[in-house]
Amino acid sequence: MNRVMKKGRQKMYGHDDSESMALFVEKLVEWKQKGGYYNIVCSGDGTLESWAGQLPLEVSLAKQYGQTLYYCDSTHNSSKYELKAAPLCSIDALGRNCHVGYMMIPSEQLC
């Protein structure tokens with residue numbers, strides 16, 4: 001059973017860091033080709049520092065309802081690079097909100 005699970009993980013997420021990053025970037029490019037958005041920040045040696053992304057639906061929702069953008073909280077060190085996962089939400093004039101993106105950031109302090 002463990003061998004089957006390992007093969008499934010490797011097929012989905014790659015065998016090593018290089019292959020995993022290639023698959024990740026392929027997915028982000030696919031989002032952008034369908035109308036989404038992404039931004040990746042890497043250090044000089046290629047280490048991932050942060051990224052942000054939106055699916056095409058989230059881009060549409062942000063344009064329609066995105067008067068105010070916020071994130072409430074983030075996870076703590078949820079990746080190998082100690083990045084924090086933070087969902088982005090929007091609030092419209094009537095106080096309704098919707099999810100409009102994802103980001104992985106090095107610190108909860110954005111400013």
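Me: Is Trp-31 buried or exposed?
Reply: Trp-31 has 16% relative accessibility, so it counts as buried. Buried means under 20% relative accessible area, exposed means over 50%, and partly exposed is in between, with a 1.4 Å probe and protein chains only.

Me: OK, and what sort of model is this?
Reply: A predicted one: local features need pLDDT of at least 70, side-chain atom pairs count only at pLDDT 80 or more, and totals for chains, interfaces and linings use all residues. Residues are numbered from 1 along each chain as its sequence is written, and side-chain values use heavy atoms, leaving out hydrogens and water.

Me: How many aromatic pairs are there?
Reply: Two, taking rings of Phe, Tyr and Trp (its six-membered ring) with centres within 6.5 Å; planes under 30 degrees apart are stacked, over 60 edge-to-face, the rest tilted. Phe-24 and Trp-51 have ring centres 5.0 Å apart and planes at 75°, so that pair is edge-to-face.

Me: Where do Phe-24 and Trp-51 sit?
Reply: Phe-24 is in helix H2 (residues 17-33) and Trp-51 in strand S2 (residues 48-54), 27 residues apart. Helices (H or I, at least four residues) and strands (E, at least two) are DSSP runs numbered from the N terminus. Trp-51, at 13% relative accessibility, is buried, while Phe-24, at 23%, is partly exposed.

Me: What about Trp-31 and Tyr-102?
Reply: Their ring centres are 6.2 Å apart with planes at 35°, so the pair is tilted. The pair links helix H2 with strand S5 (residues 97-105), 71 residues apart. Tyr-102 is partly exposed at 32% relative accessibility.

Me: Switching topic, which ring does Lys-32 sit over?
Reply: The charged end of Lys-32 sits over the ring of Tyr-38, 5.6 Å from its centre. That label needs NZ of Lys or CZ of Arg within 6 Å of the ring centre and within 35 degrees of the ring normal.
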